[in-house]
Amino acid sequence: MAIIDLLYQKLARPIFFRFDPETMHEWVMGCLRWARPVKPVLRSYFRIDDPRLAQEIWGLHFANPIGLAGGFDKNALLPDFWDAFGFAFFEIGTVTPLPQPGNPKPRLFRYPADQALVNRMGFNNDGCEAIARRLGESAARRGGPTAVVGVSLGKQKDTPADDLARVIRDYQTSLEALYPHAGFFVVNVSSPNTPNLRDLQEAGPLRQLLSALKERLASLDSPAKPLCLKLSPDLGDDAVRQAVDVALACGIDGFIATNTTNQTGSRESGGLSGKPLRPRSTEVIRLIARQTGGALPIIGCGGIFTAEDAIEKLQAGAWLLQLYTSFVYEGPAVVRNLLRGILELMDRQNLSHVRDWRP
Ligand SMILES: Cc1cc2nc3c(=O)[nH]c(=O)nc-3n(C[C@H](O)[C@H](O)[C@H](O)COP(=O)(O)O)c2cc1C
């Protein structure tokens, strides 16, 4: 085990895990803001650059397949930092038009024996204007993007899910505010923590929402920036197929599989992430890849802790990967370790590029 993993897992993590998870998350984010001067040192240690890992997707350069999943940096507090930990892309949000506090605390829980988290945050965020301003300031500071920026869009908690005109307006408002700063957008209709949000995965509302957003994107730019749909692992196989059909008919550019599951068992209620989510999220990737014939990018997300987990998702049809929970459990070297493991397995299997694992 490398010294940095040892330090995190034997020293830092046991201390962190004595405190409330959300308080600790905020504390770590605060410390990282002060750590800007040492970013080059972190970058030189944590980053693995190898042409066998790089891909051009939607005309964007992804230096490796691994990104930071939605929800970690909801408010774009550290947009110029994530590449220092090796991430090739990160997803801001989920963003709503207006700031909102989210659900009452406590709302984030650790389950170390399962290497899992349960959250019921409820789209707490600073609203699209503040987040757009931060992304703009960060781009000016660093003089250009260092990692691809994804922006996750959601609806305001008090917007009724069955008032489609208002729902669409919510997504469009954030899309327009964040447009200059996004490499790609994600439609989040799969969080279990906003009442009835997941009803928007049904064919009728999904068609209207996606068509409206694709139309808006086409009116803003040519070629339009890509729009992805993030799906829930709790949809049955037929419901996944139906959502994919609708999304394809609307001209969707990619999928994220998956969000958290509401099947939390005897744990707190909310959305379960981490190890227990791995098999179902991989199954959903496989379903989407079969239905799209591998023609559209899929971002695989859910329980990726090891290089083998990553490769399982690539073999199921993922083009890119995202993680959240393993960053908490494995620590700052998680991307480095994953990429080194992936390169090692690539050598052993005589593969020349990370895309060669795709079916
Ligand atoms: C505390 C927390 C907050 C999250 N917030 C969001 C969010 O705002 N939007 C979103 O699309 N996904 C959110 N997610 C889900 C993650 O993006 C990801 O889909 C899920 O955690 C599965 O990946 P993992 O097993 O690597 O954590 C959140 C996850 C956690 C743990």
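## Strands E8 and E9

Phe-185 stands opposite Leu-227 in E9. The two strands involved are E8 (residues 184–188) and E9 (residues 227–231). They run parallel, and four bridges join them. Strands pair here if DSSP finds at least two bridges between them. Strands are DSSP runs (E, at least two residues), and helices are too (H or I, at least four residues); both are numbered from the N terminus.

This is a predicted model: local features need pLDDT of at least 70, side-chain atom pairs count only at pLDDT 80 or more, and totals for chains, interfaces and linings use all residues. Residues are numbered from 1 along each chain as its sequence is written.

## The barrel

Eight strands close into a barrel, with parallel pairing. Their order is E3-E4-E7-E8-E9-E10-E12-E13. On average, neighbouring strands of this sheet are turned by 25° against each other, direction ignored. Angles run from 0 to 180 degrees between N-to-C directions; axes are lines fitted to C-alpha atoms, for helices over the stretch in contact.

Helix H8 (residues 278–292) lies across E9, E10 (254–257) and E12 (298–301). H8 runs at about 165° to E12. Contact between two residues means that their C-beta atoms, placed from the backbone, lie within 7 Å.

## The open sheet

Three strands form an open sheet in the order E5-E6-E11. The pairing is antiparallel. E5 (108–111) and E11 (271–274) stand at the edges with a single partner strand each, so one side of each has no neighbour in the sheet. Neighbouring strands of this sheet are turned by 25° on average, direction ignored.

Four bridges link E6 (residues 116–119) to E11 in the antiparallel sense. Val-118 stands opposite Leu-272 in E11.
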